[in-house]
Amino acid sequence: MPRIAAWITHRWTKWIVIGFWLVVLAVLGPLAGKLGGVQSNDAKNWLPESAESTQVLDVASTFSDPDTLPAVVVYVRDDGGNLTQADLAAVAEDAKTFGQRDDLDGKVVGPVPSQDGKAAQVVVPLNLGPNGWDHAADAVAELRQVADDGPPDLGAYVTGPAGQAADSSKAFEGIESTLLFAAAGVVIVILLLTYRSPVLWLLPVISAGVALTVAQAVIYLLAEHAGLTVNAQSAGILTVLVFGAGTDYALLLVARYREELRRHGDKHEAMGLALHRASPAIIASGATVALGMLCLLVAQMSSTSGLGPVAAIGIVVGLLVMLTLLPALLVACGRWVFWPRIPHEGQAEPTENGVWAKVGRRIARGPRRTWVVTSVILAVCTLGVTQLGATGLTTAESFRGEQPSVTGQQVLEKHFPGGAGEPVVVVSNAAQADEVRTAFAGTGGIDASTVTKPVTKDGVAYLEGTLTAAPDSQAAYDTVDRVRDAVHAVPGADAKVGGSTAVNLDVLRASWSDTERIIPLILLVVFVILALLLRAITAPLILIGTVVLSFGAALGVSALVFRHVFGYAGADPSLPLFVFVFLVALGIDYNIFLMTRVREEAGKLGTRRGALVGLAATGGVITSAGLVLAGTFATLGTLPLVTFAEIGFAVAFGVLLDTLIVRSVLVTALNLDVGRSMWWPSRLSREERRSGAPEPVA
């Protein structure tokens, strides 16, 4: 590493490094803008391949085009009265107009009046192509425009799968640019407050921008040519992750560089030493995050497993940029970039008497009392998890604010069976189709009159039926389970149950399974990396314990806030996993930043003094890094989606808790109380015991 650091920061080769990244940016930059064009946001690309509903989608594609999204247009009078003959004539005229569209897949169904005479619905099967999710908003807007041209007192709403896709695509519209500007704004403000320099903040932001552009281009190439699954969710998180984690690495490097500038007159020598001493922690941190993200590859959910490599690529590219381009830019600019607080050789190190040095001295007065009290408080906070309710959100609960498709669905449910427009789909062997239909129609929760006659093709039968409950309700999920039990029991039928409700149910169950599978795997990966980095067993075990405690406390407090402050009905089942991945994989950064410095100082000063010096030296940069990461994840709250808002809040709060309490107070108190045994079984735990020399006190 010293040779690499010297090469990167050499008087002449630094320009080669800068030139290299300019060439990479010029070549890959145009590809980054194409990432949105390869995103897969349809249901099949989010589902686990083994799920029954996924298998039904594959079979159903032989009966109808998988790109078809039915739009349900429901009409009611504004005064709540019965539809008049004039109203029904207007609806029929709209149905004819809908039937003239070029993007139809089959015939328009309707108008179908409700039994109470107060509503009518028209089902428009739209085939919007392979990227229909992206075109749904325009198609629905056209349907709504036709429907709104009717009698002035006749209200019309567009719902169903097409309406929901339109609202979802609008919610994700511009997600990358929205999060980019929000994250960049947060980073700039925090860096200005941290460095108090009008210039220095530019270099980390420029480096983060380069890292994000290159990462997006690499991901685009892999999605286009290697089958990597990318969706709007992973693309949005990529932006936040690269800016947040990349800036964290920049903060650590710049802080160490400034230290070395106070010890050395030559900026190249100072950066070479800073890069040499800071890079192990930065590399270990980046490797932990990348490997933690790659653990998502074992997920059943395609959307979750696809996020793993996308996030890992972003972290690795960010790591490379921050360890090469940023140091080259810093030495190219020189000391003046720190103006007005320019570090000069021979200046005293301000962290020796800073805020965190004072905090360390207070902790040292009673370290056991400090970590016991802190642990108890965090443990109490974890009790809030009982309020989380991570059993899934209905369509109405998934959005912040009113959405047209949700309003339309609520109107539809008042006058038609709850599952109208979103049927349960059953496929089976054609020979047993009649038996399957009988079992299907006889299941409680299915409107028997709506169960279609079997349509057979190539030895396979296809049936549909309507739920009596809302398609995204627990009652509907229970009905899907009953239907599955009933049709699975038909001998030789090989029947399978799908449809949008079955899809949501399979997503819920796969998400919980992924959580139970991936969390232990990530903890194992983190433990191995910490053990190799710190060359100890005790310290990694203790640090893993603080990680789990921190995660539980953050999730518990967040659950209480979601329920009693924001008024959210619950949480997506993937929330605990995502929060855990981001908090543990990213939060371990601060463990690594702190403990590598503590270990370095302990070898020179002893464990007790090393713990206090390590806290004093890294407390400021860890605080700044935590603020950056928390701020960037908080930008997820700018999206009108409850799940993103919950992830953003929980991760932001957890990072602040990690930064200000767990790493700086709890871990330091444990370091002081456990003493040299923290480094068992490494040589460091034995050398101090043999020396017999008392450790200096604070």
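This is a predicted model: local features need pLDDT of at least 70, side-chain atom pairs count only at pLDDT 80 or more; totals for chains, interfaces and linings use all residues.
Stop 1: Start by selecting the four strands, which make an open sheet in the order S2-S3-S1-S4 with antiparallel pairing. Now colour S2 (109-113) and S4 (154-159): these two stand at the edges, and each has a single partner strand, so one side of each has no neighbour in the sheet. Turn the view to follow the twist, which averages 20° from one strand to the next.

Stop 2: Next, pick S1 (residues 68-77) together with S4. These two run antiparallel and are joined by six bridges. To see a spot where they face each other, show Val76, which sits opposite Gly155 in S4.

**Stop 3: the helices.** Select helix H4, residues 85-98. Which strands does H4 touch? The helix packs on the sheet and touches S1, S2, S3 (119-127) and S4. Compare H4 with S3, and you'll find their directions make an angle of about 5°. Then move on to helix H6, residues 160-172. H6 lies across S1, S3 and S4, and runs at about 100° to S1.

Stop 4: Is Cys295 buried or exposed? Its relative accessible area is 6%, and buried means under 20%, so Cys295 counts as buried. Cys333 has a relative accessible area of 22%, so this one is partly exposed. If you go looking for disulfides, the count is zero.

Notes. Residues are numbered from 1 along each chain as its sequence is written. Side-chain values use heavy atoms; hydrogens and water are left out. A disulfide is a pair of cysteine sulfur atoms within 2.5 Å. Buried means under 20% relative accessible area, exposed over 50%, partly exposed in between (1.4 Å probe, protein chains only). Two strands pair if DSSP finds at least two bridges between them. Axes are lines fitted to C-alpha atoms, for helices over the stretch in contact, and angles run from 0 to 180 degrees between N-to-C directions. Contact means heavy atoms within 4.5 Å.
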